[in-house]
Amino acid sequence: MSSTATTIQPGEGAPGTVHVHHDHHELNFVQKYVFSVDHKVIGIQFMLVGLVMFVVGGLLAMAIRWQLAWPGTEMPVLGQLLYPETGKAISPEFYTSLFTMHGTVMIFFVIIPLLTGAFGNYLIPLMIGAPDMAFPKLNMLGFWFMIPGLILACMSFTAEGGAASSGWTAYPPLSTLAQSNPGSRGGQTFWLMGLTFSGVSSMMGAVNYVTTIAKMRAPGMTLMRMPLTIWALLIAAILQLFALPVLTAASFMQLSDRVLHTGFFTPTNLVINQVNSEAAGAAAGGQPLLWQHLFWFYSHPAVYIMVLPAMGLASDIIAVHARKPIFGYKPMVYSMSAIAGLGFIVWGHHMFASGMNPAMGMTFMVATIMIALPSAVKVFNWLGTLWGARIQLTTPMLNAVGFVSMFIIGGLSGIWMAATPVDIYIHDTYIVVAHFHYVVFGGSVFAIFAGIYHWFPKMFGRLMNETLGKIHFVGTFVFTNCVFYMMHQLGLAGLMRRTADPYAYEVFHHLKPLNQFISISAFCLFAWQIFFVVNFFHSMFWGKRVGRNPWRATTLEWTAPSPPGHGNFDYQIEVKRGPYEYASAEVDEDFHMQAERVDG
Amino acid sequence: MTEAITAYDPAVDAPAHHHPVYDYDSGPPVNRGKFAIWLFLATEVMFFTGLIGAYLVIRMGTPAWPHPGERLAVDLTAFNTFVLIWSSFCMVKGVEGAQQRDRGKLLKWLGLTVFFGAFFVSVQVFEYFQLLHHGSVPNLDLFWSTFYVMTGFHGTHVAVGVLWLFLLWLGSLRGEMDERRAMRIELAGLYWHFVDLVWVLLFTIVYLM
């Protein structure tokens, strides 16, 4: 099914040999766009699926916001769709499913597929000068393993008792015993299987990315000439390789606790809803905390899997649109490595309130606060890049700068809540919700938008509309802050997360207007994305036609045609210099392409 | 200051009709497939670390953990362990045969590897049936919970390995004895040795300790 051009077998041909192909095998529609082995098509597939799931996850968030502003009342439009049985109002059980599935969808089927799946696939071969991934068929398989994962996770809604409702963290025994909550009757099993498929998909991708970056760089592309996007994707892939299998192992243990009634995470003499799990035939004596350790051993690094590629994208975009070399390239590389390394030894900061030896708490706290150092190096380097630059306020640049500013807010609150005494007080309040949404929505999502606006011309040969793009950015930026900044206030007032009707407690009555403000802002934020959707599809067909290098950027992907054909580059290239050769005002040409043509 | 966005210029921007395909090799002096299989084995190491780590935590946290000798047929599994280690030796000879382009040697030793691997899985399935027959089900207590999940995942890995090696054996009945075949067999061999190594660990901590 693949033409000769993509399948370079191991050991075939001496390094640096060049074969020129003139023959083109005609591929049919299915080979070209559905079961494609071309990294660019797979990248775009990941992007489209990720964006569709973004809408799904967003709708779940809208339902959550409806409930928090007007609990128990009929929800217009969505209510009929989601929950027709109870008069279109959200039941507490269903609310629990909503936030569980919102988190799961957004993390595993939106952010990770968009960053590592879409940008990883699309950009890695292009930016290092390779014709494709090291293993194109494995790459295709990676995409097609995510699809059943996604379907299984969504099928969770059809299960008896409704969708998984133990939170995206799936703490046992809530998640393992059917009597503990409705979502644990059947939904949780679908949830676990969906997660496992998406994990296998990520693992295949990660093996492929690391091999491609190690083995397939163009002549002259030394490690320290790689764009920061590639460094970020490489480090994120290494994180996936070493952290993800632990979650897979833990998920299998939870699955066996649910299906075979083993007792990994079920303590002795546990009675929930009048059911003693041992008397009901389950093994016991296990440790619920064990799951939390295993889960966060993956899921804390996962936070960096979600933010490091965003940092890489933003670094590249800022350098291009500021027309300046990135400030401190090597510190950027080392700081990303440090963030990833420290990311492995800080998982316990999610568990301060779960109970642990104070010495352990102290260790996790100090390690966590240390992450502020490399993060601050990055922030100052972005600011240093912007300082005195000839900033072009294009849509990608606005979004990239949006990323930096939001990451600062999310990062600072992270340092503060890493302190054990603070964390124990604010644990499970809306402060935490505000914090991680600043990092994942304010951070990763803005970087994803920046990346889409920036590389769209490469993907489709057409520019996205700048005016619509700016309108989209401004509204998104304002409403994002209206939604998530205010959540800090809710958290300080003590409002707990994951509560279907907080107003059942009289102390929270005064927070209702603020919650309504947040919800209205959230609906506006959701509705505002119509500007992006219209822009995206309109520009795909009718956008302004652009050439190889519309942004006058230096990196290798801009050497190839837009969109690049099969095999990516239409002439032989050699990398001559680093990725950020944006010159000063002293020379006429303000940038030097990283690669030069060497075949005449 | 120049215009922010460069317009389309057919002279430079139109794609050329031919494209060179590069076979670069920028990385460490090791075959691409071998590099990837080592990465994959690293993920496998982390997977089994998760399982074994959970086992150790649970076992240390349980006041009275039964001695495995009272519950498991250690002699049978010790013999089975020997068979699996022997199969690793056969694998080495098989890879050697592939590298010497010696079809007879490859088929003989790879065939023996498949046979011993299949033997190992069969004995394990037999052991499972015996245990289940005597009422030692996974939900009886934590000993059996951990036993079935750990040995089950290892057994699945062996079964996948047997299938993989058997397909390679079938493929080796005909076709060119070349570098690519030798490499494919070597890669499967790496996986096979890894699976054996994990078993030595599992046997020690589950059956002996």
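**Basis of the model**

Residues are numbered from 1 along each chain as its sequence is written, while chains are lettered from A and ligands numbered from 1 in the order in which they are written. Because the model is predicted, local features need pLDDT of at least 70 and side-chain atom pairs count only at pLDDT 80 or more, whereas totals for chains, interfaces and linings use all residues. The predictor assigns the complex an ipTM of 0.94 and a pTM of 0.94.

**Contacts between the chains**

In chain B, 51 residues are in contact with 74 residues of chain A; contact requires C-beta atoms, placed from the backbone, within 7 Å. The elements of chain B that each supply at least two residues of this side are α1 (10-13), β1 (19-23), α2 (32-60), α6 (142-171) and α7 (179-208). Helices (H or I, at least four residues) and strands (E, at least two) are DSSP runs numbered from the N terminus. The most is given by α2(B), with 15 residues. By class, the side of chain B that touches chain A has 29 nonpolar, 14 polar and eight charged residues. Here Ala, Val, Leu, Ile, Met, Phe, Trp, Tyr, Cys and Pro count as nonpolar, Asp, Glu, Lys and Arg as charged, and the others, Gly among them, as polar.

**Nonpolar core**

The largest nonpolar core has 237 residues, and those with the most contacts inside it are Ile128(A), Val210(A), Leu308(A) and Ala314(A). Such a core is a set of buried Ala, Val, Leu, Ile, Met, Phe, Trp, Tyr and Cys residues joined through C-beta atoms within 7 Å. A residue is buried if 20 or more other C-beta atoms lie within 10 Å of its own, exposed if 12 or fewer, and partly exposed in between, with C-beta atoms placed from the backbone. Helix α4 (residues 92-128) of chain A gives the most to this core, with 23 residues. Leaving aside residues up to four places away in sequence, Val210(A) touches Leu234(A), Ala237(A), Ile238(A) and Leu241(A), as well as Leu39(B).

**Helix α16 of chain A**

Helix α16 (residues 512-528) of chain A has 17 residues and reaches 24 Å from its first C-alpha to its last, close to the 24 Å expected at 1.5 Å a residue; the expected span is 1.5 Å times one less than the number of residues. Its buried residues are Asn515(A), Ile518(A), Ser521(A), Ala522(A) and Leu525(A). Seen down the axis, the buried residues of α16(A) fall within an arc of 125 degrees, so they line one face of the helix. The arc is that of the directions from the helix axis to the C-beta atoms. Pro513(A) and Ala527(A), on the other side of α16(A), are exposed. The cover over the buried residues includes α2 (39-69) and α15 (466-492) of chain A.

**Backbone sites in chain A**

| Cis peptide bond | Omega | Loop holding the proline |
|---|---|---|
| Pro172(A) to Pro173(A) | near 5 degrees | Pro173(A): between α5 (136-155) and α6 (187-215) of chain A |
| Ser562(A) to Pro563(A) | about -10 degrees | Pro563(A): between β5 (544-545) and β6 (573-575) of chain A |

Ala170(A), a residue other than glycine, has a positive phi near 50 degrees. Ala170(A) lies in the loop between α5 and α6 of chain A and is buried, with 26 other C-beta atoms within 10 Å. Asn273(A) likewise has a positive phi, near 50 degrees. Asn273(A) sits in the loop between β2 (271-272) and β3 (275-276) of chain A and is exposed, with 9 other C-beta atoms within 10 Å.

Note on methods: Contact = placed C-beta atoms within 7 Å.
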